[in-house]
Structure formats: C-alpha cells, structure tokens
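Trainee: Could we go through this model together? I'd like to see where each label comes from.

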Amino acid sequence: GRPRNVPPLLVVGVPPDVVRDLALIEKRIQRVEKLVEQIRDVLAPLRNSKGPLPAAQDKQVKALLARADEATKKIAGDKNRREELLAKAYTDTPSSVHVSGTIFAGTVIRIADRQTTFHKDMKGPICIEKRKLENVTELVAVNTLTASVKILTNEKRTPIELIDGFELEENASPT
C-alpha cells in the first residue's frame, strides 16, 4: 500500500480461479434475474387484462414467459455451481503475508476467512498469519526480528464476500 492512494485489499488463502468464477456466476445470476423480473413486470398487465389477447399477441406473450421460465431454470444450475465454489473457496493451506517495509493505514489483508484493516501504519519486517490461540482463530502480526506476536483486530468473512467489489474483465469466462 501507499499513503494517500487507494488502500489495497490483499487476499491470500483462496484460489484466484474460484474468486473469478464466483464473480462471473454471480454477475450472470444478477443480470438474468433482473431480465426475468423485467419480462414478467412488462407482461403482467397483458396477462391480467379483462379480455382475451389477440392470438398473435397471446402467442408472443406465452413464448416470452416460456423463455423467462427457461432462464429461471438455468439460473438454478448457476446457483448450484455457486454453492459448490463457495464450499471450496477456503483452502487449509497455511498462508501468510510477509512485509519488509511498511503496511500503510487503510490496507486490508484477508487470509482465507479472516480479515483485518490497518488503521495506522505498521513497520516491518513482519509476517501476517492466521493462528489458533487458546481455541480462537486470530490474525496476528509476527515481528520477524524479535518474534513478538501482536493479535490484530479481525473479523470472520463469508466466502460470498470474496467477490464484493471484484471487477471483472469483459471477456472473462468461468472455467
């Protein structure tokens, strides 16, 4: 991180392809759900009209509703895939962040399901890692020169929060 710039978010302990695929699936789900809702909203007054629709118009309305139903079924598959990805989002592989210089205020570090935000600068060399201390999982800063350990204020984050604010390239596609 750098002072006075956009504070960085550093995520370790999560496979990058899982994050990308989650973001792509979530974007597709939101886009299709919005489109289906718009179709149903536009067609509702026609379906609820007092008299019967002309045959050609009724055929078009039924075709659009069938496509909306088809899209809803496809989304169910995407939601299942999203759940599978969320289940494997966090790895059990030990992960850490080594800092030789300074972690500037505003920097956010996430190690698997734990996240900490630095509210003031912290000088290195330090290693940020996830540890279990007295049956409580914490993020800690270990001074690599003195071996002193400082427990960092941190919070548990859900896997779906991995994609909050995630920007996708337009041509990206899930694996």
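Trainee: Which residue in E9 is the bridge partner of Val142?

Mentor: Val149 is the bridge partner of Val142 there. Before we go on: this is a predicted model, so local features need pLDDT of at least 70 and side-chain atom pairs count only at pLDDT 80 or more, while totals for chains, interfaces and linings use all residues. Residues are numbered from 1 along each chain as its sequence is written, and side-chain values use heavy atoms, with hydrogens and water left out.

Trainee: What makes E8 and E9 paired strands?

Mentor: Strands are DSSP runs of E, at least two residues long, and helices are runs of H or I, at least four, numbered from the N terminus. Two strands pair if DSSP finds at least two bridges between them. Strand E8 (residues 136-143) is joined to E9 by 4 bridges, antiparallel, so the pair qualifies.

Trainee: Why are E2 and E9 called edges?

Mentor: The open sheet runs E2-E7-E8-E9, with antiparallel pairing. Strand E2 (96-99) and strand E9 (149-152) each have a single partner strand, so one side of each is left without a neighbour in the sheet.

Trainee: And how do you know that E5 pairs with E10?

Mentor: There are 2 bridges from strand E5 (residues 114-117) to E10, and the rule asks for at least two, so they pair. Gln115 stands opposite Glu155 there.

Trainee: Why is the contact between Arg28 and Asp78 called a salt bridge?

Mentor: The term needs a side-chain nitrogen of Lys or Arg within 4 Å of a carboxyl oxygen of Asp or Glu. Arg28 and Asp78 come to 2.9 Å, N to O, so they meet the rule. Arg28 sits in helix H1 (residues 16-47) and Asp78 in helix H2 (residues 55-87), 50 residues apart.

Trainee: What makes Asp78 buried or exposed?

Mentor: Buried means under 20% relative accessible area, exposed over 50%, partly exposed in between (1.4 Å probe, protein chains only). Asp78 has 10%, so it is buried. Arg28, at 24%, is partly exposed.

Trainee: What about Arg40 and Asp69?

Mentor: Their side chains form a salt bridge at 2.6 Å, N to O, again linking helix H1 to helix H2, 29 residues apart. Arg40 is at 33% and Asp69 at 37%, so both count as partly exposed.

Trainee: How many salt bridges does the rule give?

Mentor: The count comes to 13. Among them is Arg157 with Glu155, at 2.9 Å. Arg157 is buried at 17%, whereas Glu155 is partly exposed at 41%.
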